[in-house]
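Subject: Structure handover

Hello,

Here is the structure I promised to pass on. My notes follow below it.

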There are 2 protein chains.
Amino acid sequence: MNTGELVELAQQLRVDSVRASAAAGSGHPTSSMSAADLMAVLLANHFRYDFDRPAHPGNDRFVLSKGHASPLLYAAYKAAGAVDDEELLTFRKLDSRLEGHPTPRKLPWVETATGSLGQGLPVGVGIALSGKRLDRSDYRVWVLCGDSELAEGSIWEAAEHAGHEHLDNLTAIVDVNRLGQRGPTRHGHDLDAYARRFQAFGWHTVEVDGHDVDAIDRAYGEAASTKGQPTAILARTLKGKGVADIEDREGLHGKPLKNADDAIEELGGVRDLRVQVQDPPAARILHAVRAGHVDLPRWDTGEEVATRDAYGQALAALGTGRGDVVALDGEVGDSTRTEYFAKEHADRYFECYIAEQQMVAAAVGLAARGWVPYAGTFAAFLTRAYDFVRMASISGAGINLVGSHAGVAIGQDGPSQMGLEDLAMMRAIHGSTVLYPCDANQTARLIAQMADLEGIRYLRTGRGESPVIYGADEEFPIGGSKVLRFSQSDRLTLVAAGVTVHEALKAAEALEQEGIRVRVVDLYSVKPVDRATLRQAAEDTGCLLTVEDHREEGGLGDAVLDAFTDGRPVPRLVRLAVRTMPGSASPEESLHAAGIDAESIAAAARLLVEQAIVP
Amino acid sequence: MNTGELVELAQQLRVDSVRASAAAGSGHPTSSMSAADLMAVLLANHFRYDFDRPAHPGNDRFVLSKGHASPLLYAAYKAAGAVDDEELLTFRKLDSRLEGHPTPRKLPWVETATGSLGQGLPVGVGIALSGKRLDRSDYRVWVLCGDSELAEGSIWEAAEHAGHEHLDNLTAIVDVNRLGQRGPTRHGHDLDAYARRFQAFGWHTVEVDGHDVDAIDRAYGEAASTKGQPTAILARTLKGKGVADIEDREGLHGKPLKNADDAIEELGGVRDLRVQVQDPPAARILHAVRAGHVDLPRWDTGEEVATRDAYGQALAALGTGRGDVVALDGEVGDSTRTEYFAKEHADRYFECYIAEQQMVAAAVGLAARGWVPYAGTFAAFLTRAYDFVRMASISGAGINLVGSHAGVAIGQDGPSQMGLEDLAMMRAIHGSTVLYPCDANQTARLIAQMADLEGIRYLRTGRGESPVIYGADEEFPIGGSKVLRFSQSDRLTLVAAGVTVHEALKAAEALEQEGIRVRVVDLYSVKPVDRATLRQAAEDTGCLLTVEDHREEGGLGDAVLDAFTDGRPVPRLVRLAVRTMPGSASPEESLHAAGIDAESIAAAARLLVEQAIVP
């Protein structure tokens, strides 16, 4: 498109942003209007995309990091012929695909859900990594950022990662409209301030008047032709651009225009320009997946193996069998054991250094391109990326997260390194799967199954060695459990997972010596839980004693309740969990101090029997 | 100390780091040895601190951001006479104060718990803000960082905040030892790479040989005399410095030395140098707290008020009555309503822009200096700072967090803005208090009480208006609840909080019309819960139907179970919660779609009656 056409197209995007927001009675028209010229030029002259084939391997990828500017995105979709005017005006209404913030669960052209600021660029880095290192396709990744969100540290994790990896297929377009939600940003229109920061992280930068379509056009060309560096285009814009009453004014963030009709008139009225978006170049198929036989490692019962070791070995084997599996780690691969994968499949391993947000975001980006990512760090440090996990679930992204060094069982390193909230955090994620194996064979089987699940999959591993108790051919269905001890005269049921399975078994043995028989259930699938087995145990024994190396809130103890919340009678529920702030000590001392070792379990069971709480 | 003495002191710190780790059989001696010269010069010649009076207002503040180098810190404490050699060798043992990673819960000289990388500098920024803007004391804040942790985005949130606020009382000392945990860092010994980044964020930088005590001495002097900017000292060091076998070698992170005795000999043997740390300058008392009468806002029953509004107004009033209350917000103060405080108490308000990690870290730093911080953003975005909340609880920090826009009740903005995991996340934090008020008077009372609690306090507010149902003089004790409807013939109990209280009341009314009487409990204190009231309700009605605008895991439904986990009979528990992925819609439509509006509650209750699940 030429200058005149681009200007017209930008005005149309503004008008449609105003109209959509007015119809909704909410939304962010002013944040859309500032970036309308940036979007118009991109769509008309640079973006290569087949809207009928969003999965086309050669398609460029666009991420709206400033997700609240969704009216602009939807207006662009309309201009590209992907949605019609009628649908545009369903914005933010019940059952509309056009949500307040865009999500791929609803729209095939959206790469990742945005709306939590500072996440679009990190996910864009993941997509660009895929293009560069895996797909080896020439698509470009364009990310439209707000200026406010550059205050998020995750943006600089992304900047560091992209700069270091020389992602010249990535362009960040920053809509520097000077105004955040409640007022001016830190740097206002000081484009140099942002340029200095991006440059320091190894980026090429271009400063531009964000309302000069020709200048924007040249900037995009410069970005596309810059080699060896990602490019940040810093565009000076005005919030609410095009309507004098609201232009560059504070207090109008996230508000539809009061006089929409007047504004539309001032913007030149409703238009119906259609953009013929450039086709993507021919590209080879996304990636040839070797979906061969997966030859999982096997351990003999009685061997002492850490579940983190089993994870690493199983993942490496999975990577050998499946070409679509990729792995990421937060610079602790020697601890998590992701290093086994890294050594065998260096081409599909992504070192994310100590930047857990970027690690999860990269996993989301890789998943968006069809890969099956496994991302590992200490369970404790996945808390760093909780907002990214939450947003990934809104995206409907299929990612595997593995948290090692769970619980007080790590011992000497102390509470900062102990994952004690991870089960609660991951269970609360919509549609998640939460797994907590207790031995090596179980870990390997679960790691392999995770690959084919939907949504967020989380598996928790331990630091210390534990005995292998299952044969290598045992099956561990998701949503299942294992009854490890059973008799007709069980007086209560111990429900455990991970390290506490071994403690529960020891306790059960000690209790049996005293004539107290107890059932032991290995609840390796914390979410979903095995309702049938728990209900049977409740019926048979009347009391479930849960034991977990986790805080008492939100973990195993709460998970068993899922089997009984449909109105049926609930058994007695007693829980042992980590109720104090642990310190440094040996693993055995730590388990004992937390009251979750065999001795504590046996004592609790004895008390229940003595107090006649159980029959 | 002169050059020779400093060199000797540094060697002593190395030797003691090696000895402590050897005695523990674990720990990070090599990461301690790289920074020993940096620590020795700081302690002997620049740090001003009275170890007998850690609360002295004029004390400099030291934060070990690379918390794993705790042997070095403890060795320094020994050199300063604060701990003796016997205690030094209890490192990482059961009940020792010298944990694997330092924490103020154990040691009075530690400002904040570290061990999750990238957190010490952000907390240091909070302390420096306190010194500059509140205490108006001349103390300096020295933060010893690792090079690996500079990959964390939170470091750059801190850099941005400190640069923008011209915190010239803050010095970051970066121990650039080139090696992370599993191998080389991104930038190795390229000090310029780090300098460029800090400079871009407005910092003064000094590059130095981190093993040249005279150069270090000059660098500290330069930092102390630099005005208008924080200083980053980038020190080139060698991991394991001083012992040829391990110096600058990969694969030795977090491992005690194999031949500790030889290493100690190579380092010149055990010494017992004592440092006379400089006294702090005379300083006025920490801060004069006006602990006057707090005149909370009052609302009449029947008024329609959003709880976020009540929070903002109550906080402003609290700030008027109490001089120790400070507030922070993540650039959404117009939404959270922290703006009311900001307008009335600009001197005690900290705008953190969109950087939730830095916001929580600043709150921790301010709390460390004796202030009572309230930090607000959307409940959804507090997930961004979960690791900081977790670490704050390990610190034993007393901070108040307020999350607005909770649940699907926000409507059109869609799931990215809906706090749906916050109750689970905050409940799982050790020692936390979790509050969820349903009306304005209740909100105000709870906000005022939070100030005097221990640990992490979280309060959840809503976006929309809701009717005031409590009088302004009603009391709402922490751990309490309110029985809003009660009869001798209640057939079940509705347990609600926040927005669902109003829905439950409507449902109860509708049910009463049909002859079904139900009890309604407002469980505003989600943690701790009111066990007595829940147990009475269980005894009287046999069934609790929980209703929450939150995921079904870890929230209200799980919280009620806390009243029944001691082995007593558990009532039937049925829960209504958000089980699907919400989209954009009106608040009413959203509550209905999630199945937690009055109609859904009444339908669930009816079903329980019809199925004879309740009597």
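Chain A superposes on chain B by a rotation of 180° with 0.0 Å of shift along its axis, at an RMSD of 0.0 Å. That is the relation of a two-fold axis. In chain A, Gly153(A) has the C-alpha nearest the axis, 1.8 Å from it.

Some ground rules. This is a predicted model, where local features need pLDDT of at least 70, side-chain atom pairs count only at pLDDT 80 or more, and totals for chains, interfaces and linings use all residues. Residues are numbered from 1 along each chain as its sequence is written, chains are lettered from A and ligands numbered from 1 in the order in which they are written, and side-chain values use heavy atoms, with hydrogens and water left out.

Salt bridges

A salt bridge here is a side-chain nitrogen of Lys or Arg within 4 Å of a carboxyl oxygen of Asp or Glu.

Which side chain does Arg92(A) meet in a salt bridge? The partner is Asp413(B), at 2.6 Å from N to O. This pair crosses between chains. Arg92(A) sits in the loop between α5 (85–88) and α6 (120–135) of chain A. Asp413(B) sits in the loop between β10 (399–404) and α16 (422–427) of chain B. (Helices, H or I with at least four residues, and strands, E with at least two, are DSSP runs numbered from the N terminus.) Both Arg92(A) and Asp413(B) are buried. Buried means under 20% relative accessible area, exposed means over 50%, and partly exposed is in between, with a 1.4 Å probe and protein chains only. Arg92(A) counts as buried because its relative accessibility is 3%. Arg92(A) also has a positive phi of about 70°, although it is not a glycine.

Next, Arg384(A) and Glu152(B) form a salt bridge, with their closest N and O atoms 3.7 Å apart. Arg384(A) is in the loop between β9 (372–378) and α15 (386–395) of chain A, and Glu152(B) is in the loop between β2 (141–146) and α7 (153–164) of chain B, so this pair joins two chains. Arg384(A) and Glu152(B) are both buried.

Within chain B, look at Asp562(B) and Arg427(B). Their salt bridge has its closest N and O atoms 3.4 Å apart. The pair links distant parts of the chain, 135 residues apart. Asp562(B) lies in the loop between α20 (556–561) and β19 (572–578), while Arg427(B) lies in helix α16. Asp562(B) is buried at a relative accessible area of 12%. Arg427(B) is buried at 0%.

There is also a network of salt bridges in chain A. It links Asp16(A), Arg19(A), Lys78(A) and Asp85(A).

Surface charge

Which residues gather in a patch of negative charge on the surface? They are Asp245(A), Asp261(A), Asp262(A), Glu265(A) and Glu266(A). Patches are made of residues with over 30% relative accessible area and no salt bridge; like charges are joined within 9 Å, and nonpolar side chains (Val, Leu, Ile, Met, Phe, Trp, Tyr) within 5 Å. Lys and Arg count as positive, Asp and Glu as negative; His and the chain ends are not counted. Asp261(A) lies in helix α10 (residues 260–266) of chain A. Asp261(A) counts as exposed because its relative accessibility is 62%.

Backbone points

Lys527(A) and Pro528(A) are joined by a cis peptide bond, with omega about 0°. Pro528(A) is in the loop between β17 (525–527) and α19 (531–541) of chain A. In chain B, the bond from Lys527(B) to Pro528(B) is cis, with omega near -5°.

Asp248(A) has a phi near 60°, a positive value in a residue other than glycine. Asp248(A) is in the loop between β5 (231–236) and α10 of chain A. At 27% relative accessibility, Asp248(A) counts as partly exposed.

Two buried valines

Val83(A) is in the loop between α4 (70–79) and α5 of chain A. Val83(A) is buried, with a relative accessible area of 5%. Val275(B) is in the loop between α10 (260–266) and β6 (304–306) of chain B. Val275(B) is buried, with a relative accessible area of 4%.

Best wishes

Technical notes: Areas by Shrake-Rupley, 256 points an atom, 1.4 Å probe, with all protein chains shown as cover. Charge placed at Lys NZ, Arg CZ, Asp CG, Glu CD. Least-squares fit on C-alpha atoms with pLDDT ≥ 70 in both.
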